[in-house]
Amino acid sequence: MVIPLRDDNPTRTKPVLTIVIIAVCIYVFAAVQPKGGEAGEVEFLVEHAAIPCEVVHAEPISNNLARQCDGQLETNLPASVEPFPDKNVWLALVVSMFLHGSWLHLLGNMLFLWVFGNNIEERLGVVGYAAFFLV
C-alpha cells in the first residue's frame with residue numbers, strides 16, 4: 001500500500017479553499033458530529049446525513065418510505081412518528097461531504113485532499129474548484 005505524502009507538481013499559489021475545506025472537515029468531525037456510541041449519534045446521522053433511499057426517492061425518510069426501501073433503515077420510532085419530515089434531502093448531500101466515520105477516515109481523506117486538491121484548485125481557480133468539489 002502506498003500513501004502519498006506529496007506530489008511532483010509544485011503549486012505557485014496558496015491553496016486557500018483546500019485549507020478551508022480541511023479545517024471545516026476537522027471542525028465538523030471533532031466538535032459537531034457525535035461519534036463512538038454517543039447518545040444521539042444515529043439520530044444525528046438520520047437527521048443530517050444523506051441516506052441513499054432518501055436521495056433515490058427525493059424525500060425525507062418516513063416510516064412508509066423505510067418500508068419501500070426494504071426496511072434497510074431502522075428508525076426505532078413508533079409507526080405514528082415521522083423521523084425528520086422537514087429534512088432537506090439535497091442539503092444533506094452537501095452536509096455528508098463533511099462527515100467522516102473515524103479519525104483514520106478523516107485523516108486519510110484530508111491527506112489525499114491536501115496532496116491533490118492544491119493542484120486542482122490552482123488549475124480551476126477557487127470558484128471552479130468549489131464547483132468541482134460540490135459536484
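A nonpolar core is a set of buried Ala, Val, Leu, Ile, Met, Phe, Trp, Tyr and Cys residues joined through side-chain atoms within 4.5 Å. Buried here means under 20% relative accessible area, exposed means over 50%, and partly exposed covers what lies in between (1.4 Å probe, protein chains only). In this predicted model, the largest such core has 14 residues, and Ile21, Cys25, Met110 and Leu113 touch the most other members. H1 and H6 are the elements that give two or more residues to this core. With six residues, H1 gives the most.

Let's look at one of those residues. Cysteine 25 is in contact (heavy atoms within 4.5 Å) with Met97, Phe98, His100, Leu106 and Met110, leaving out residues up to four places away in sequence. There is also a second, separate core, made of five residues, including Val46, Ile51, Ile61 and Cys69.

## How to read the model

Residues are numbered from 1 along each chain as its sequence is written, and side-chain values use heavy atoms, with hydrogens and water left out. Because this is a predicted model, local features need pLDDT of at least 70 and side-chain atom pairs count only at pLDDT 80 or more, while totals for chains, interfaces and linings use all residues.

The predictor's confidence in each residue, pLDDT, runs from 0 to 100. Its average over the protein is 84, and 84% of the residues score at least 70. Where is confidence lowest, and where is it highest? The lowest mean, 62, belongs to H4, and the highest, 96, to H1.

## Overall layout

The protein has six helices and zero strands, where helices (H or I, at least four residues) and strands (E, at least two) are DSSP runs numbered from the N terminus. Read from the N terminus on, the elements go α-α-α-α-α-α. Of the 135 residues, 31% count as buried. Among contacts between residues at least 6 apart in sequence, 66% join residues at least 24 apart.

## The salt bridge

How many salt bridges does a search of the whole structure find? The search finds one, taking a salt bridge as a side-chain nitrogen of Lys or Arg within 4 Å of a carboxyl oxygen of Asp or Glu. Lysine 87 and glutamate 54 are the partners, and their closest N and O atoms are 2.7 Å apart. Lysine 87 sits in the loop between helix H4 (63-68) and helix H5 (89-96), and glutamate 54 sits in helix H3, so the pair ties together parts that are 33 residues apart in sequence. Both lysine 87 and glutamate 54 are buried.

## Around helix H3

Helix H3 spans residues 52-57 and holds cysteine 53. Is cysteine 53 buried or exposed? Cysteine 53 is buried, at 12% relative accessible area. Its C-alpha atom is separated by 6.3 Å from that of cysteine 69, 16 residues apart along the chain.

Valine 56 is also found in helix H3, but this valine is exposed, at 68% relative accessible area. In the loop between H3 and H4 you will find alanine 58, which has a phi near 55°, a positive value in a residue other than glycine. Most residues other than glycine have a negative phi. Alanine 58 is partly exposed, with a relative accessible area of 45%.

Valine 20 lies in helix H1 (residues 16-32) and is partly exposed, at 41% relative accessible area. Together with Val16 and Val24, Val20 forms a nonpolar patch on the surface with about 210 Å² of accessible area. Patches are made of residues with over 30% relative accessible area and no salt bridge, with like charges joined within 9 Å and nonpolar side chains (Val, Leu, Ile, Met, Phe, Trp, Tyr) within 5 Å.

Glutamate 41 belongs to helix H2 (residues 41-48) and is partly exposed at 23%. Beyond its neighbours within four places in sequence, glutamate 41 contacts Pro34, Lys35 and Gly36. Asparagine 119, in helix H6 (residues 103-134), counts as buried at 18% relative accessibility. Not counting residues up to four places away in sequence, asparagine 119 touches Asp7, Asn9 and Thr11.

How values were computed: Accessible areas come from the Shrake-Rupley method with a 1.4 Å probe; for residues, only the protein chains shown count as cover.
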